[in-house]
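Please work through the structure below by question and answer.

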Amino acid sequence: MSAKAKFQQMDAVQNKQTPARPKNLFVIIDFSLLQRVEITNFSTSWNDGMAFCALIHHFYPDAFDFESLNPKNRRYNFELAFRVSEEKADIAPLLDVEDMVLMKKPDWKCVFTYVQSFYRKLHDKD
């Protein structure tokens, strides 16, 4: 299946308002480490910054105290995740904190693209 066809398929699922769980959402992450974060899609599952924090914390556990984070502190979570990702892993912040704070349902293609940069930088680190 082409990349375009996959995006169209994911769009169709998102438009039906049915949560989709891609089979191999993160091959690089042990889901047991994402204790407080449920990831079912590339949109609303990422809207409070916790998934981004869990992702970077998996690879850099000493960078911050994940257990102290609160999903209600969305701006702080995004700022922390994007800053630590850039400082520790040299991953450019492709998403804007302000945009992410304003959106309750981020564009899944933008989130997916940013998550792909994590994969490209970190897939050999684990």
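Q: Among contacts between residues at least 6 apart in sequence, what share joins residues at least 24 apart?
A: The model is a predicted one. Contacts in the protein are taken here between residues at least 6 apart in sequence, and the share of these that join residues at least 24 apart is 58%.

Q: What pattern does the protein follow along the sequence?
A: The secondary structure comes to 5 helices and 0 strands. Read in order along the sequence, the pattern is α-α-α-α-α.

Q: What percentage of the accessible surface belongs to carbon and sulfur atoms?
A: Of the 126 residues in the protein, 42% are buried. The accessible surface comes to about 7500 Å², and the part that belongs to carbon and sulfur atoms is 50%.

Q: How many residues of helix H2 are buried?
A: Helix H2 spans residues 50–59 and is mostly covered. Its buried residues include Met 50, Phe 52, His 57 and His 58. The count of buried residues in H2 is 10 of 10.

Q: Which helices do the buried residues of H2 pack against?
A: The buried residues of H2 include Cys 53, Leu 55, Ile 56 and Phe 59. The helices that the buried residues of H2 pack against are H3 (74–89), H4 (97–102) and H5 (108–122).

Q: Is H2 roughly parallel or roughly antiparallel to H3?
A: H2 and H3 pack at an angle of about 25°, with their axes 8 Å apart. Angles under 35 degrees count as roughly parallel. Therefore H2 is, relative to H3, roughly parallel.

Q: Is the crossing of H2 and H3 left-handed or right-handed?
A: In this pair, Met 50, Phe 52, Cys 53 and Ile 56 of H2 meet residues of H3, among them Asn 77, Phe 78, Ala 81 and Ser 85. The crossing in which H2 passes H3 is left-handed.

Q: Is H2 roughly parallel or roughly perpendicular to H5?
A: The axes of H2 and H5 lie 12 Å apart, and the packing angle is about 0°. With the cut-off for roughly parallel at under 35 degrees, H2 is therefore, relative to H5, roughly parallel.

Q: How many nonpolar residues are in the contact of H2 with H5?
A: From H2, Phe 52, Leu 55, Ile 56 and Phe 59 take part, and they meet Val 111, Tyr 114, Val 115, Phe 118 and Leu 122 in H5. The contact has no polar and no charged residues, and its nonpolar residues number 9.

Note on methods: Residues numbered from 1 in each chain as written. Predicted model: local features only at pLDDT ≥ 70, side-chain atom pairs only at ≥ 80, totals over all residues. Heavy atoms only, no water. Buried < 20%, exposed > 50% of the residue type's maximum accessible area, 1.4 Å probe, protein only. Helix = DSSP H or I, 4+ residues; strand = E, 2+ residues; numbered from the N terminus. Contact = heavy atoms within 4.5 Å. Axes fitted to C-alpha atoms, helices over the stretch in contact; angles between N-to-C directions. Parallel < 35°, antiparallel > 145°, perpendicular 65-115°, else oblique. Left-handed = near helix turned anticlockwise from the far one by under 90°. Areas by Shrake-Rupley, 256 points an atom, 1.4 Å probe, with all protein chains shown as cover. Nonpolar A, V, L, I, M, F, W, Y, C, P; charged D, E, K, R; others polar.
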